[in-house]
Amino acid sequence: MAEIKRFSISQVAIHALGAFSILTLYITGLPITFPDQLGWIPALLGGYPVTMLLHRIAAVGFIATGVYLLTYHGLYDAFVGKSFFTDVWLKIKDIKDAIKDTKHLLGLSKDKPSYGKYSWIAKAEFWSFFGEAAIFLVTGSILWFSWQSLAFMPPQYLLSARYIHAGFAMVSVCGVAFHSYMVHFNPENFRIDRCIFTGVVPEEEVKERYPQWHEEIQRGGKIDAE
Amino acid sequence: MKKYREAVRLMQNKIKYSGAVVVAIIYISFIVAILKVQNPVVDVFVTIGINIALLFVIVNLGALLYGIITRNRREAN
């Protein structure tokens, strides 16, 4: 069966780093927000100081992922040509697709949207990652360097930063739960969608799930955007 | 192989809704935790929900590592 390249090696690697970092951040961060319910995690890891250390190491990995995506793909887009950013940039079609998809899921329409390489859901997930990363970076830095932060902000700002950090962490867990549902529990992918690891997708699958991308490939378009 | 695929297909149908229920429990328990509802029954629900969320995250970490480790298995075959 013919296969089509969907992700480059660098994309596979950066997904692995980002996912590993963010999952470690949840494991080490949620017990700090919910010590009554998840106190067993720090106990298992060797106490809160160890948990906090692991949380900060994972935070560095998460920041590195965001910085890499912005600089590498930003520079590639600016100086070389079509990059991953060009593929995931939000377009009017995505809003139309979202409306069409919602109607289809609610049983109001039989038409399913015809997707390109990335669906509106994939694009929304990607950009929400950036939004969350920015919030975590700001609030996390305030909390990490709390003594230095107090030099130029009142103490109540630190408390606000803590609540915002924890609140968005919960929103982020919900986002990851949704992402996991799509790549693990969704009957089309159950048990695991392996294309983010292998980088390739069977052509039949591309034809069925990403018809517009398949048409583009048939017309001889570039398929392996960096 | 055919038997295996059939088993997976049956499992897919079963997991479709149970997966959605698990995700819904996680969402609801977070919302209730934020609202700080003072009730012993709700407390138990929140504790279960948040622990499921964390186990969900741990399972995902396992799936990620499995995917990375077995990345080249297909090529090796």
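**How chain A meets chain B**

Tutor: In this predicted model, α1(A) packs against α2(B) with the axes 10 Å apart and an angle of about 155°.

Student: Parallel, antiparallel or oblique, then?

Tutor: Angles over 145 degrees count as roughly antiparallel, so α1(A) and α2(B) are roughly antiparallel to each other.

Student: And which hand does the crossing of α1(A) and α2(B) have?

Tutor: The crossing is left-handed.

Student: Which residues make that contact?

Tutor: From α1(A) come A:A16, A:A19, A:F20, A:L23, A:Y26, A:I27 and A:L30. From α2(B) come B:L54, B:V57, B:I58, B:N60, B:L61, B:L64 and B:I68.

Student: What does the contact of α1(A) with α2(B) look like by class?

Tutor: It has 13 nonpolar residues, one polar and no charged ones.

Student: What about α9(A) and α2(B), how do their axes sit?

Tutor: The axes of α9(A) and α2(B), the helix of residues 40-69 in chain B, come within 11 Å and cross at roughly 50°. That angle makes α9(A) oblique to α2(B). The crossing of these two helices is left-handed.

Student: Which residues of α9(A) and α2(B) are in contact?

Tutor: On α9(A), A:V173, A:A177, A:S180 and A:H184; on α2(B), B:A53, B:F56, B:N60 and B:A63. By class that contact has five nonpolar residues, three polar and no charged.

Student: Step back a bit. How many residues of chain A are in contact with chain B?

Tutor: 26 residues of chain A are in contact with 29 residues of chain B. On the chain A side, the elements giving two or more residues are α1 (9-33), α2 (35-38), α9 (155-185) and α10 (195-198).

Student: Which one gives the largest share?

Tutor: α9(A), with nine residues.

Student: And the classes on the side of chain A that touches chain B?

Tutor: There are 21 nonpolar, four polar and one charged.

Student: Different topic. What are the scores of the model?

Tutor: ipTM is 0.81 and pTM is 0.87. For chain B, the mean pLDDT is 81, and 75% of its residues reach 70 or more.

Student: Where in chain B is confidence lowest, and where highest?

Tutor: Lowest in helix α3(B), residues 73-76, at a mean of 56. Confidence is highest in α2(B), at 91.

Student: How should I treat the low part?

Tutor: Where pLDDT is low, the predicted coordinates should not be read in detail.

Definitions and conventions: Residues are numbered from 1 along each chain as its sequence is written. Chains are lettered from A and ligands numbered from 1 in the order in which they are written. This is a predicted model: local features need pLDDT of at least 70, side-chain atom pairs count only at pLDDT 80 or more; totals for chains, interfaces and linings use all residues. Two residues are in contact if their C-beta atoms, placed from the backbone, lie within 7 Å. Helices (H or I, at least four residues) and strands (E, at least two) are DSSP runs, numbered from the N terminus. Ala, Val, Leu, Ile, Met, Phe, Trp, Tyr, Cys and Pro count as nonpolar, Asp, Glu, Lys and Arg as charged, and the others, Gly among them, as polar. Axes are lines fitted to C-alpha atoms, for helices over the stretch in contact, and angles run from 0 to 180 degrees between N-to-C directions. Angles under 35 degrees count as roughly parallel, over 145 as roughly antiparallel, 65 to 115 as roughly perpendicular and the rest as oblique. A crossing is left-handed if the near helix is turned anticlockwise from the far one by less than a right angle, and right-handed if clockwise. pLDDT is the predictor's confidence in each residue, from 0 to 100.
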